[in-house]
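User: I would like to learn how to read the features of a protein model. Please take me through one, step by step.

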Amino acid sequence: MTEDAIEPFGPAHLDGLIALVAGEGWTEYTDDPERTYRALTAPGVTTLVATVGGRVVGAIQVQSDGLIQAHVSMLLIDANRRGLGLGSRLLRDGLERAGGLQLDVRTRTEGYYERLGASRSLGFRLTGENLGLRDVDV
């Protein structure tokens, strides 16, 4: 039996997480792994990984004030591990470890969150370009 775990993201998980985001075509994470590591470990960010036999098969990034508000910035599950409850476990552990009363999600996968009992809400996203910023280097 292969052991699975949900644990805090660390340097040993970076390559596995990069592989997950590459599978989704998220080049903003794959273009600069060092920047990705800094983003996933920044103050106010909780990043967890799900591993099976030491291999990263899922990840969640939550930004939170630690008391009231938390936001999911990333939730990824390896295509071969979907439908097994791993996403729900990451969401639960992510909110518990990050802190907060509620977890807001902005997504294109509405059906998944509706099955979990989520309620719909409106939201907006502004980019640096919308705000007149160019080539912002974080």
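User: Which residue in E4 does Val-62 stand opposite?

Analyst: Val-62 stands opposite Val-72 in E4. A word on the source: this is a predicted model, where local features need pLDDT of at least 70 and side-chain atom pairs count only at pLDDT 80 or more, while totals for chains, interfaces and linings use all residues. Residues are numbered from 1 along each chain as its sequence is written, and side-chain values use heavy atoms, with hydrogens and water left out.

User: How many helices and strands does the protein chain have?

Analyst: Helices (H or I, at least four residues) and strands (E, at least two) are DSSP runs, numbered from the N terminus. The protein chain has five of each. Their order from the N terminus is β-α-α-α-β-β-β-α-β-α.

User: In what sense do E3 and E4 pair?

Analyst: Two strands pair if DSSP finds at least two bridges between them. E3 and E4 pair over seven bridges, in the antiparallel sense. Their hairpin has four residues between the strands, and Gly-66 there takes a positive phi near 85 degrees.

User: Do E4 and E5 run parallel or antiparallel?

Analyst: E4 and E5 (residues 102-105) run parallel, joined by four bridges. Val-72 stands opposite Val-105 in E5. Val-72 also stands opposite Val-62. In general, the side chains of a regular strand alternate between the two faces of the sheet.

User: Which unit do E4, H4 and E5 make?

Analyst: They make a right-handed β-α-β unit. The rule for the hand: with the strands pointing away from the viewer, the path from the first strand over the helix to the second runs clockwise.

User: What span should the 13 residues of H4 have?

Analyst: The expected span of a helix is 1.5 Å times one less than its number of residues. For H4 that gives 18 Å, and its end C-alpha atoms are 18 Å apart, so the two agree. Just after H4, Gly-99 takes a positive phi of about 90 degrees.

User: Which residues of H4 are buried?

Analyst: Buried means under 20% relative accessible area, exposed means over 50%, and partly exposed lies in between (1.4 Å probe, protein chains only). In H4, the buried residues are Leu-86, Gly-87, Leu-90, Leu-91, Asp-93, Gly-94 and Ala-98. An α-helix has 3.6 residues a turn, so residues three or four places apart point the same way. Across the 138 residues of the protein chain, 32% count as buried.

User: Which residues in the largest nonpolar core touch the most other members?

Analyst: A nonpolar core is a set of buried Ala, Val, Leu, Ile, Met, Phe, Trp, Tyr and Cys residues joined through side-chain atoms within 4.5 Å. The largest has 15 residues, of which Ile-6, Ala-50, Ile-60, Leu-75, Leu-86 and Leu-90 touch the most other members. Strands E2 (45-52), E3 (55-64) and E4 (69-77) and helix H4 (86-98) each give two or more residues to this core. A second, separate core of 13 residues includes Leu-17, Val-21, Leu-40 and Val-49.

User: What does Leu-86 touch?

Analyst: Contact means heavy atoms within 4.5 Å. Not counting residues up to four places away in sequence, Leu-86 touches Ile-6, Ala-50, Val-57, Ile-77 and Arg-81.

User: Is Val-49 buried or exposed?

Analyst: Val-49 is buried, at 0% relative accessible area. It sits in strand E2. Beyond four places in sequence, its contacts include Ala-5, Phe-9, Leu-17 and Leu-90. Val-49 and Ala-5 are 44 residues apart in sequence, yet 8.1 Å apart in space, C-alpha to C-alpha.

User: How many aromatic pairs does a search of the whole structure find?

Analyst: A pair of aromatic rings is described by the distance of the centres and the angle of the planes. Rings of Phe, Tyr and Trp (its six-membered ring) pair if their centres lie within 6.5 Å; planes under 30 degrees apart count as stacked, over 60 as edge-to-face and the rest as tilted. The search finds two pairs. The rings of Phe-9 and Tyr-37 have centres 5.6 Å apart and planes at 45 degrees, so this pair is tilted. It links distant parts of the chain, with Phe-9 in the loop between E1 and H1 and Tyr-37 in H3, 28 residues apart. Phe-9 is buried at 9% relative accessibility, whereas Tyr-37 is partly exposed at 26%.

User: Why does the pair of Trp-26 and Tyr-29 count as tilted?

Analyst: Their ring planes are at 40 degrees, with the centres 6.0 Å apart, so the pair is tilted. Trp-26 is partly exposed at 26% relative accessibility. Tyr-29 is buried at 15%.
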